[in-house]
Amino acid sequence: MARDEKQTRIELINPALHERGWVEALIREERTPGGVDIIDGRPRKRKGRTDYLLCIPLVEGKSILPVALLEAKAEDKLPSLGIQQARDYMKKFHVPFVFSTNGNLYCEYAEDTGQIKDSLGLNIFPAPNDLKQRYEKIKNIQLESEAAKPLLMPYKGGEAARYYFQDAAIRATLEKLAGGDKRVLLSLATGTGKTIIAVQLLYKLAQAGKLKRALFVCDRDELRTQGIAKLHAIFGDNAQIVTTQDPQRNAKVLVATYQTLNTTEEFDEPKFWKENYPKNFFSHIIIDECHRSAWGKWSVILRDNPDAVHVGLTATPRIVVGGKKDSPGRKADEEVTSHNLDYFGKPVYEYSMGSGQDDGYLAACEVVRRLVDLDKKEITKEDIEKRSATDPFTGKKINPNDIEDKYTAKDYEMKLMLDDRVKAMSEDLFQHFLDTGGPHQKTIIFCARDSHANQVMIALNNVYEKWCRDNKRSPKEMYAFQCTGNPDLRPSADKLIPDFRGSKNSHFIAATVDLLSTGVDIPNLDNVVFFRYIESPISFYQMVGRGTRTGEPRGSKSMFRVYDYTNATRLFGEEFISKAKPSKVDESIEGIDISVKTQKQQEESQRKIIRIGENQFTVQVQGEGCSILCEEDGKEVLIPVEEYKMRLAEKLVEEAPTIDDLRNKWVVPDNRIKLLHKFPGGEGSIRLIRELEDEQECDLYDVLAELGYGLVPKSRSERAAAFSYKNKTWIRRFPDRTGKVIVSIARQFEKGGIEELETTNLFDESEILQNGGFEALSNLKEEPQQLIQETKLRLLE
């Protein structure tokens, strides 16, 4: 009988690798969460993917360096079967070599050859020193050199202090620096910890003696606060915030906003910067959210430090999906993205939102699309003159000369305040909250302008107060609130954001324009809502990214919703690529001084705004269905829920033609994980289907059984309860003590599904111990593992 994958790895692959010098210390396991289930109101991590990295030793007592990914296959599989999957993971793990083996032969793909080599004997597998030499040639660096020293430094807090993609991003950066480059761009999805990457990168550089003085620069006070918190945890008092009163010249790591440094458009001259920081004062400069600032006056920071290492961080994908080719937002995106690439070069590492969701590091996303009927029409000057149109600031009747000939949907709330539209959309959204768990959901609503955010805040508070009265509930404080950059707003945004983030009893719905669109961490955000029209794919991705974090504590949130009232989610669609221009950007970056107007600046230049009060228009909001965000061919796409379920069923029946085939795959962990990864959107999207179908009490097996074979789903408790009477004849074959332990093992299914029977501490459960524990399964014809496997199969019958 051929060995399965696990046996092959233990009995064939590990011994063969050991003979070639790959001792245990050089083989690193990287485990991904694989998503989170919410069971009985509590988060429960599901088993994720386990990947094996081969690492080369460098200096005793220092970190080992990952250089290869190893994919293990069962003995009776072709050795090349895993090479395609391994190549997909090659970029994710940032390694130049990938191998697949069945314990007898191996297959290789490598950057230096660009070829797949198949059916090679495992007895000639490359030794650690072989891969080291090839790695050095590929990267054009010497690992014993002073320049490569940061690569060897350990992480602050050990290997557990980072995720695999953060490690890959840091290694990619340090490799480029070791090769002599001084400009690096990193592109990772919002919520993946770019600030942690920056902090650990600086720590490794400091440990290697390369960090003289670093500047972490951002464009908002909130980002500065978040940055200093993480930097202070590692550098202590050597990390300080720059203020206009104290330039902190003696600190090792300085954190500042462009505004503090006098390097924004509002300052004629960067006086504070020039007076306090002479040329080449910094050895390293990290620019957070580097796509946002549009290469304006703050480029003086880089110009004055030409010898420093410049690292740009962005959440904007280099391949941006969607947007009309001639739209202003699209053009602005191309300027910003292109100039990032002009200066830094292509990102040395990229990690997309889809990858994060598939790995379980980012929350799954359901999109609810709504259509406002008024937005399908034009409103003409004649329509307005028939109604009560006023100046929103004075209340006086509007001068006909201030009314334009016609207004379209993109003008609504920008030029034309429509109270009926705001009320209808707010009421519709509130009803969705009631249908999906209740009104107290943390939500960001992106509005067209400051006045629109104010009106949305009022409308939602009114509908909430009415609901509380009708249902005899005590209203929570600050249910909906305006959170914009308006300097006259009280409380100010910087006072509101901490309560929005942390309070469970107030500050539920933030109506904003773009203040919360980047960098602000709201881990427990439930919903992202688009009440504004948007053209910029970069801005759109940033806004959607507010919802992708998996909660606090991490893993406590499995999904979030996007409510789209303005067709903003079309920007998940059509592809365009912003390529680095071959033209000559001056090395001193004098040539890069593009000033891209923000949407807000464009808004303020528009003609006078007009307000049309309530009961002037009849407005209806209609459903356009729900969709799931998936990744296909490296791009995020929306798939309607019904179409996704159909695709899922087709793929399921292709992989497991009968329910028996599904059952047999499901009880083998490796086979189950591989099956889940083959579905569009991976395991995360199937968990989302379970939430949408209100089947949280079911194992994913039952969700799939219903979709693929039309079986009525059973809850975990139903299956656990039915096990005893369905299998009483089989149980009676065993000694009484053994039968009780088998029943106790089956009862674990109720807690969290099939994986509860696969944990390493299964026999530590009190009920199992009381009935006889592991000993009760010993000294029988069947091995304990066979009995557990049979129990799993019978549970699913």
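The legends below describe close-up views of a predicted model.

**View 1. An open sheet of eight strands with mixed pairing.** The strands follow one another in the order β23-β24-β22-β25-β26-β17-β29-β30. Strands β23 (480-482) and β30 (635-640) stand at the edges, and because each has a single partner strand, one side of each is left without a neighbour in the sheet. From one strand to the next, the twist averages 25°.

**View 2. The parallel pair β17 and β26, with helix α13 packed on the sheet.** Strand β17 (residues 364-372) runs parallel to strand β26 (residues 559-564), and six bridges join the two. One of the residues involved is Ala364, whose bridge partner in β26 is Met559. Helix α13 (residues 419-435) packs on this sheet, where the helix touches β17, β22 (443-446), β24 (509-512), β25 (527-530), β26 and β29 (621-632). The direction of α13 makes about 145° with that of β17.

**View 3. The aromatic pair Phe430 and Tyr479.** The ring centres of Phe430 and Tyr479 are 6.4 Å apart and the ring planes stand at 75°; since planes over 60 degrees apart count as edge-to-face, the pair is edge-to-face. Phe430 belongs to helix α13, whereas Tyr479 lies in the loop between α14 (450-470) and β23, so that the pair links distant parts of the chain, 49 residues apart. Phe430 is buried, with a relative accessible area of 3%, and Tyr479 also counts as buried, at 1% relative accessibility.

**View 4. The aromatic pair Trp730 and Phe734.** Here the ring centres are 5.3 Å apart and the planes are at 85°, so this pair, too, is edge-to-face. Both Trp730 and Phe734 are buried. In the model as a whole, the count comes to 36 aromatic pairs.

**View 5. An aromatic cluster that includes Tyr89 and Tyr361.** One cluster is formed by the rings of Tyr89, Phe93, Tyr163, Tyr164, Phe165, Tyr351 and Tyr361.

**View 6. Lysine side chains placed over the rings of Tyr155 and Phe508.** Lys204 lies over the face of Tyr155, at 4.2 Å from the ring centre.

Methods:
Residues numbered from 1 in each chain as written. Predicted model: local features only at pLDDT ≥ 70, side-chain atom pairs only at ≥ 80, totals over all residues. Heavy atoms only, no water. Pairing = 2+ DSSP bridges. Helix = DSSP H or I, 4+ residues; strand = E, 2+ residues; numbered from the N terminus. Axes fitted to C-alpha atoms, helices over the stretch in contact; angles between N-to-C directions. Contact = heavy atoms within 4.5 Å. Phe/Tyr/Trp six-rings, centres within 6.5 Å; stacked < 30°, edge-to-face > 60°. Buried < 20%, exposed > 50% of the residue type's maximum accessible area, 1.4 Å probe, protein only. Lys NZ or Arg CZ within 6 Å of the ring centre and 35° of its normal.
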